[in-house]
Each structure stands twice: as C-alpha cells, then as structure tokens.
Amino acid sequence: MLDTIGRKLLRTAHATGEMLALLLETLYFFKDAPRNWPTIARQISSVGLGTLPIAALMALFIGMVLALQTGAELAMYGSQEAIGAIVGLSMVKELGPVMTSLLVAGRVGSAMAAEVGAMEVYEEIDALKTLEINPVRFLAMPRLIACLVGVPMLVIFTIGIGIAGGGLVSSVNPVINVPFSVYYDNMVRALGYQDILKGLLKATVFGGIIAQVGCYVGFRTSGGARGIGESTTRAVVVAFLMIFVANYFLTRFML
C-alpha cells in the first residue's frame, strides 16, 4: 500500500514539474502574442461568448437561490435588509469566480484537452514541429491568454446577473419583501473596490489553471480515441481539484 501511495506521489510530483515547465515555456511565448492576435481573439470568443448563455442562466439561479434561502432566514430575525450585502459579497468574492470557472473548466477546458489531444494522437503536432512551428506557441499560448482575459470578463457578467437575480427574488418574495432600491443600496455600501479586485484576481488565476491543465493533458494524450476521451475527463477533474485548492489558498492569503 505504501509502495502504491509512493508511486502516485512521485507521478503527481513529476506531472506538477512538467506543468510548471509548460507554463514557463508558454509565458516565454507571450512576446509573440501581437502577431497571433486573430487566434487569441477566436479563443477569447470561445471562452467568453460561447459560455455566456449558460453562465447567465447559472448565475441567475445561484443569485435567486442564495437570496431565497438567506433572505428567509434573515426575515425570521427582522434583518432581511442585509440580504443585498450578503448576496453581493458572496457573488463577488466566492460564487461568481468559483462557479463560473468550474463551468468554463467543464465546457472549454475539456474541449482544449480533446482538441490538443486529437492533434497529438493523429500526429498533427509532429507535423507542426516538422514545419518548425513550436506547438506551445501555436496552441498553448493563445489559449492561456484567452482564459486569462476571458474568464474575468465572464465573471464580471455573471456577478451582475447573480446580483440582479437576488434582487428580483428579494423584492417579489412576500417573506423577504425587500425593495430593490434598499437591496441595491445595502449591496453598494457593503462592497468595496478591494472585494471586486480580489474576485477578479481569483478569476484570472482560475482561468490560467483551466488553460494550463487543458493543454498539458492534451499534449500528454495517447491511445487513440479512447485516450482522447480519458484526457477530456482527466482535464475536467484535475482542473476542478486545482481550482478548489487554489481558491482556499487565495482566500487565506487575501483575508
């Protein structure tokens, strides 16, 4: 049993080292970003616009459920007017960045792993090398920049939708019965610029994790169609775990 645990720890350490090396190589090629702008813009569109409808629906219901559950409890003590501050802070600091990033990891991260993995399996990456095109510059760099830009933009949008959903429930639900103007004023008083910056910092880090995991798993894909399917699943699971771990340490650091 100890031998099995030891081998797994060694494989995890080896994969972590390879992922860091890929990150450094990808950051090195940021200098070539201006002449790869069309590819980067296409990737940003995939991350942002492609995820927008699902993210809006998710954020709307998260805000509504948060307001419904919290508002009903607060109403028992006559302090339901604080619902605006609670929903606003929750959406900006935790739910907006984390839930949106999980959604992007499931939708975009898996697609990155599948696309890059298919290119690896069908030797298209070898063909790029033959043409003296660096696959990290051609595939990983645009995707990393797209996630670093696209995920925070998406988070800003989902935070707004979630807050609006919470305000809607707070104003129409007879148990909570908080006018939208009161809800909005309390939220504005509670939120500071630092809270917004912390939420966007989390979104940027999570976006980087999604791109790095998707590309790394894609580059390490083997075994034909079955291997591509396994890589897709692995990219989502690893990205989810890394987002949860990073969220804890970022929250601890920013307290």
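Helices are DSSP runs of H or I with at least four residues, strands are runs of E with at least two, and both are numbered from the N terminus. Helix α4 spans residues 83-121, and Ser-101 is found in this helix. The model discussed here is a predicted one, in which local features need pLDDT of at least 70 and side-chain atom pairs count only at pLDDT 80 or more, while totals for chains, interfaces and linings use all residues. Residues are numbered from 1 along each chain as its sequence is written, and side-chain values use heavy atoms, with hydrogens and water left out.

Is Ser-101 buried or exposed? With a 1.4 Å probe and protein chains only, a residue is buried under 20% relative accessible area, exposed over 50%, and partly exposed in between; Ser-101 counts as buried because its relative accessibility is 0%. Contact means heavy atoms within 4.5 Å, and, when residues up to four places away in sequence are not counted, Ser-101 touches Val-151, Phe-206, Ile-210 and Ile-243.

## The largest pocket

On a 1 Å grid over the protein atoms alone, a pocket is an open set of points with protein on both sides within 12 Å along at least five of seven lines, whereas a cavity is a set of points where a 1.4 Å probe fits but cannot get out; lining residues have an atom within 4 Å of a point. Grid points are joined across faces, edges and corners, and a volume is the space filled by probe spheres set on the points.

The largest pocket has a volume of about 740 Å³. It is lined by 26 residues, and those closest to its centre are Ala-15, Thr-16, Met-19, Val-238 and Met-242. Two or more lining residues come from each of α1 (2-28), α6 (135-172), α8 (193-219) and α9 (224-254), and α1 provides the largest share, ten residues. If Ala, Val, Leu, Ile, Met, Phe, Trp, Tyr, Cys and Pro count as nonpolar, Asp, Glu, Lys and Arg as charged, and the others, Gly among them, as polar, then this lining divides into 16 nonpolar, six polar and four charged residues.

## The second largest pocket

The second largest pocket has a volume of about 200 Å³. Of its 14 lining residues, Leu-22, Glu-25, Val-136, Phe-219 and Arg-220 lie nearest its centre. The elements that each give two or more residues to this lining are α1, α5 (124-130), α6 and α8, and α1 gives the most, with four residues. The lining of the second largest pocket is made up of seven nonpolar, one polar and six charged residues.

## Aromatic pairs

Rings of Phe, Tyr and Trp (its six-membered ring) pair if their centres lie within 6.5 Å, and planes under 30 degrees apart count as stacked, over 60 as edge-to-face and the rest as tilted. How many aromatic pairs does a search of the whole structure find? The search finds three, including the edge-to-face pair of Tyr-28 and Phe-29, with 5.2 Å centre to centre and 75 degrees between the planes. In this pair Tyr-28 is exposed, at a relative accessible area of 52%, whereas Phe-29 is buried, at 10%.

Tyr-248 and Phe-249 have ring centres 5.2 Å apart and planes at 80 degrees, so this pair is edge-to-face. Both Tyr-248 and Phe-249 are exposed.

A disulfide is a pair of cysteine sulfur atoms within 2.5 Å, and the structure holds zero of them. Cys-147 is in no disulfide, and the nearest cysteine sulfur, that of Cys-215, is 8.0 Å away. Cys-147 is buried at 0% relative accessibility, and Cys-215 is buried with a relative accessible area of 1%.
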